[in-house]
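Subject: Structure for you to look at

Hi,

Here is the structure I said I would pass on.

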Amino acid sequence: MGQIKSIKKILKSIPTIEGNGVKLKRVFGQPHTDLLDPFLLLDNFHSKNPDDYINGFPWHPHRGIETITYVLHGEVEHMDSMGNKGTINAGDIQWMTAGNGIIHQEMPKGQKDGLIQGFQLWANLPASNKMMNPRYREIHAKQIPEIKLNNNVIIKNICGEINGVKGPVTDIIITPEYLDITVPPKTQFTHKVKKGHNVFAYLINGSGYFHH
């Protein structure tokens, strides 16, 4: 068995306003980039009040990074300067590689009860790839494999490999893993990580204990 990674830091999300007045929680950002390289930022948007998010994120530029948007509830309409446009719904992913530059906008909409919930993760591109051509991928929930382990742990594999099953997002420059994991009460989950990779976990619901 390999070495168990130790916990370096526990972060608490900070209320933040972004875009055109969208209220969200910043899980991590600029002060933690050295610790979490190549990840730059993680935002959690979660509200039942349309006033918190309805004005969205109008046209804005990105360059040299990848932005990954994962929607749990509600939907997000998007379009970009490459002519891509569409809507991602609950369980869907938008994976955008900004490369040498792209302009886009994202406009969240809640469910019938007003609920919107999701995440946006930013990943840095290596210096040698920062000027690559931008590209865009939309991955729907039905494309994301769900793996159920013997101890009833359920894993939605967005990117990476679990038990020989690969996620639908491939050909990513930084070879990340992105897993949505549900662990039942009084159950353990252990995941082998590539040597040299940084790891972070964000609790969406409930509580958990991380071995250190």
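Below is what turned up, going from the sheet to the salt bridges and then to a few side chains.

Before anything else, keep in mind that this is a predicted model.

Let's start with the backbone. Seven strands make up an open sheet, and their order across it is 1-2-3-10-5-8-11, with antiparallel pairing. At the edges sit strand 1 (14–18) and strand 11 (135–139), each of which pairs on one side only. On average, neighbouring strands in this sheet are turned by 20° against each other, if you ignore direction. As a reminder, strands of a sheet pair through backbone hydrogen bonds, and they can do that parallel or antiparallel.

The salt bridges

How many salt bridges does the structure hold? There are four, and I'll go through some of them here.

Arg-26 is the residue I'd click on to begin with. Its side chain meets that of Glu-18 in a salt bridge, at 3.0 Å from N to O. Arg-26 also has a salt bridge to Asp-43, with an N to O distance of 2.7 Å. Arg-26 belongs to strand 2 and Asp-43 to strand 3, so this pair ties together parts that lie 17 residues apart in sequence. Through shared partners, Glu-18, Arg-26 and Asp-43 are joined into one network of salt bridges.

Glu-18 is partly exposed, with a relative accessible area of 30%.

Another salt bridge is made by the side chains of Asp-52 and Lys-23, at 3.8 Å, N to O. Asp-52 sits in the loop between strand 3 (39–47) and strand 4 (57–62), while Lys-23 is in strand 2, so the pair links parts 29 residues apart in sequence. Asp-52 is buried, with a relative accessible area of 16%, whereas Lys-23 counts as partly exposed at 48%.

Val-27 and what it touches

Strand 2 (residues 22–28) also holds Val-27, which counts as buried at 8% relative accessibility. What does Val-27 contact, once you leave aside its neighbours within four places in sequence? The list is Leu-11, Ser-13, Leu-42, Asn-44 and Tyr-202. For a distance to check in your viewer, take Val-27 and Gly-86: from C-alpha to C-alpha they are 27 Å apart in space, and in sequence they are 59 residues apart.

Ile-7, Ile-10, Leu-203 and Phe-210 make a nonpolar surface patch of about 400 Å². One of these, Leu-203, is found in the segment after strand 16 (178–182). Leu-203 is partly exposed, and its relative accessible area is 37%.

Cheers

Terms used. Residues are numbered from 1 along each chain as its sequence is written. This is a predicted model: local features need pLDDT of at least 70, side-chain atom pairs count only at pLDDT 80 or more; totals for chains, interfaces and linings use all residues. Side-chain values use heavy atoms; hydrogens and water are left out. Patches are made of residues with over 30% relative accessible area and no salt bridge: like charges are joined within 9 Å, nonpolar side chains (Val, Leu, Ile, Met, Phe, Trp, Tyr) within 5 Å. Accessible areas come from the Shrake-Rupley method with a 1.4 Å probe; for residues, only the protein chains shown count as cover. Helices (H or I, at least four residues) and strands (E, at least two) are DSSP runs, numbered from the N terminus. Buried means under 20% relative accessible area, exposed over 50%, partly exposed in between (1.4 Å probe, protein chains only). Contact means heavy atoms within 4.5 Å. Two strands pair if DSSP finds at least two bridges between them. Axes are lines fitted to C-alpha atoms, for helices over the stretch in contact, and angles run from 0 to 180 degrees between N-to-C directions.
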